[in-house]
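Subject: Structure handover

Hi,

Here is the structure we talked about. Please open it first, then read the notes below.

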Amino acid sequence: SGAGTFAFAFRRSHPYLTGYTIDHAHCEYLETAVEWGIPAVVLLAALAAAGLWRLMREAKAAEGMRGAIGAGCLAGVCAVLLHGLVDFPLRIPAVLVLVAVLAGMAAAALPAQSEPAPATRWKTAALAAGSAVLAVLVVRGLPSGWNAEAHYREAGRSFLGGRFAEAAAADRRALADCPYAAAAWNDLALAAEAQGNRVAAIEASDRALALEPHTRRIEWSAANLRLRGGDVSGALALFGALAAHTPELRRPVWQICWDAGVPPALILDRTAGRGAGGLGEYLQYLVSQGRPEAAVDACTRSPQAGELPPETLRAVFDGLFFAGQSERALRLWQAIGGRAVSFANGNLASPPRGWGLDWAVRPSPGIVVERRRDETGYRLEIEFRQPQNIEYGGVTHDFAVIPGREYRLILEAAAAGIGSSSGVHVEVISPRRRLAVSEPFRRAVPWTTVELRFRPMAGDRICRLQVFRAAAASFDNRISGRFSLRRVSLEPLARSAARRFSPGASRGWQ
């Protein structure tokens with residue numbers, strides 16, 4: 001590939017490098033083979049081995065201090081060459097000078113022959129011929145100039161200063177010295193785009209991609225260039241490869257595609273990946289960006305939606321709930337929930353699905369939630385192991401309702417050793433306010449029937465039953481003990497019962 005070009009050759013062959021730059025192979029012989037070619041490495045190794053072998057024989061034959069000095073210096077040279085198997089010592093000038101000094105001391109310490117013996121003249125001729133061939137190969141591999149880095153930096157300064165023609169000229173000078181520099185081709189593409197020459201910009205970008213097809217910076221810049229030029233398909237092909245191979249770039253890829261107005265269906269199909277893992281991360285991104293409706297569309301479109309973990313779907317469902325997007329939440333549940341739109345699992349006969357219109361448990365430190373069998377069926381037990389002053393709402397069950405209609409929710413609850421003045425209560429909430437709440441459970445309370453009456457607000461198609469404990473300002477703000485509930489049912493009130501319904505009654509025991 002030419003002298004000093006290992007880094008470019010490596011970036012061309014190694015997919016999606018990490019954040020740092022790899023300049024050397026950490027094997028002197030491998031790097032030399034890449035830059036000078038295998039013939040040059042074979043010749044160089046043969047000549048070096050012949051020279052060292054000759055000096056070692058002479059050191060062995062020498063007597064006294066000269067032989068010891070020669071042998072010691074040659075041992076130092078061999079040590080550096082052995083180190084070159086796992087590092088690049090000869091690329092460091094100080095080490096290279098040390099090797100040259102040791103080789104020179106070894107040659108000077110050993111006795112010199114005034115006239116080569118006739119039997120060794122052919123060896124001398126072979127050495128001269130090999131050196132000549134090696135010199136030709138080395139000269140052929142040298143770059144045409146030595147100022148590529150200086151020209152490249154000059155181009156960067158000109159581009160930042162808005163002098164795009166000067167930047168393009170400096171990039172061309174850098175490429176004349178080092179045509180393998182994909183970064184210079186990439187900057188030349190940006191300069192051409194800034195001058196309005198989109199054709200030249202694409203050509204330079206393609207050249208950079210050909211030299212380094214799997215480098216983050218080059219691929220990112222090329223994709224952006226195509227996106228700005230209206231080539232959405234070409235941009236998504238590059239962005240999709242980046243998102244598939246570099247997880248830390250997925251969110252920036254999705255953000256730039258959304259900002260550019262790329263259709264959501266294309267973003268999902270081309271950049272979110274084909275597995276449930278990529279889809280789950282994309283859904284979390286959509287919810288975090290306030291796009292729950294797009295998350296629902298992605299779930300309903302993707303065949304991997306049913307493979308998503310409950311915590312991912314719970315995050316999407318929570319985003320829809322608190323955004324007041326009840327209709328979309330119901331559509332999501334109907335598409336992949338697999339159950340009727342109702343109070344799905346009030347008796348806990350089925351294991352909690354963990355999201356949607358079922359029991360959901362949000363992990364909290366120091367709190368353990370388990371479904372257990374008892375004499376009436378199953379119960380959900382929440383054990384508080386003395387977490388410090390926690391505001392807890394980690395156990396919920398969402399259910400579908402009709403706005404404006406009155407409902408009665410009935411459940412059985414019990415407490416054992418609840419050690420906090422704030423206690424634990426059960427409440428029904430909508431995305432906008434609390435609709436009904438029980439009295440708090442403190443200390444020990446046997447199984448007790450709780451009845452909550454409430455009327456959903458206009459536009460609310462989903463309400464939430466929640467086990468809640470508020471943060472306490474008192475001294476005993478740690479909470480311990482167990483809270484259990486079971487046999488939850490929901491029924492709409494008849495019109496005659498609705499007329500007798502008092503709004504204040506929903507806040508206490510019935």
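Start at Tyr282. Beyond its neighbours within four places in sequence, Tyr282 is in contact with Trp254, Trp258, Pro264, Ile267, Leu268, Ala272 and Ala298. Keep in mind that this is a predicted model.

Cores

Tyr282 belongs to the largest nonpolar core, which has 48 residues. Tyr282 is among those with the most contacts inside this core, along with Phe239, Leu283, Phe317 and Leu332. A second core is separate and has 34 residues. Val401, Tyr407, Leu411 and Val424 are included in that second core. As background, nonpolar side chains in soluble globular proteins tend to be buried together.

The open sheet

Five strands make up an open sheet, with antiparallel pairing. The order is E1-E4-E9-E6-E7. E1 (359-361) and E7 (434-437) are the edge strands; each has a single partner strand, so one side of each lacks a neighbour in the sheet. On average, neighbouring strands here are turned by 25 degrees against each other, direction ignored. Inside the sheet, E4 (residues 392-400) and E9 (residues 462-469) run antiparallel and are joined by seven bridges.

Helix H17 (residues 310-322) lies across E1, E4, E6 (425-429) and E9. H17 runs at about 105 degrees to E9.

What ties H17 to E9 through side chains? Asp318 and Arg464 meet in a salt bridge, 2.8 Å from N to O. Asp318 is in H17 and Arg464 is in E9, 146 residues apart. Buried or exposed? Asp318 counts as buried at 15% relative accessibility. Arg464 is buried as well, with a relative accessible area of 2%.

Next, look at E2 (residues 367-374) and E3 (residues 377-388). These strands pair antiparallel over eight bridges. They form a hairpin with two residues between them. Arg373 stands opposite Tyr378 in E3. E3 also runs antiparallel to E10 (residues 478-492), joined by seven bridges. There, Glu381 stands opposite Ser484 in E10.

Arg486 deserves a stop. Its side chain meets that of Asp374 in a salt bridge of 3.0 Å, N to O. That pair links E2, which holds Asp374, to E10, which holds Arg486, across 112 residues. Asp374 counts as buried at 13% relative accessibility. Arg486 counts as buried at 6%.

Arg486 also forms a salt bridge with Glu375, where the closest N and O atoms are 3.3 Å apart. Glu375 lies in the loop between E2 and E3, and Arg486 in E10, so this pair ties together parts that are 111 residues apart in sequence. Glu375 is exposed, with a relative accessible area of 66%.

A network of salt bridges links Glu370, Arg372, Arg379, Glu381 and Arg482. Over the whole structure, the search finds 33 salt bridges.

A buried glutamate

Last, check Glu212. Glu212 sits in the loop between H10 (198-211) and H11 (216-228). Its relative accessible area is 3%, so Glu212 is buried. Which side chain joins Glu212 in a polar contact of 3.1 Å? The partner is Thr215. Leaving aside neighbours within four places in sequence, Glu212 is in contact with Phe8, Arg11, Arg12, Ala182 and Ile218.

Best wishes

Terms used:
Residues numbered from 1 in each chain as written. Predicted model: local features only at pLDDT ≥ 70, side-chain atom pairs only at ≥ 80, totals over all residues. Heavy atoms only, no water. Core = buried A, V, L, I, M, F, W, Y, C linked by side-chain atoms within 4.5 Å. Buried < 20%, exposed > 50% of the residue type's maximum accessible area, 1.4 Å probe, protein only. Contact = heavy atoms within 4.5 Å. Pairing = 2+ DSSP bridges. Helix = DSSP H or I, 4+ residues; strand = E, 2+ residues; numbered from the N terminus. Axes fitted to C-alpha atoms, helices over the stretch in contact; angles between N-to-C directions. Polar contact = N/O pair within 3.5 Å; in protein donor to acceptor, adjacent residues only side chain to side chain. Salt bridge = Lys/Arg side-chain N within 4 Å of Asp/Glu carboxyl O.
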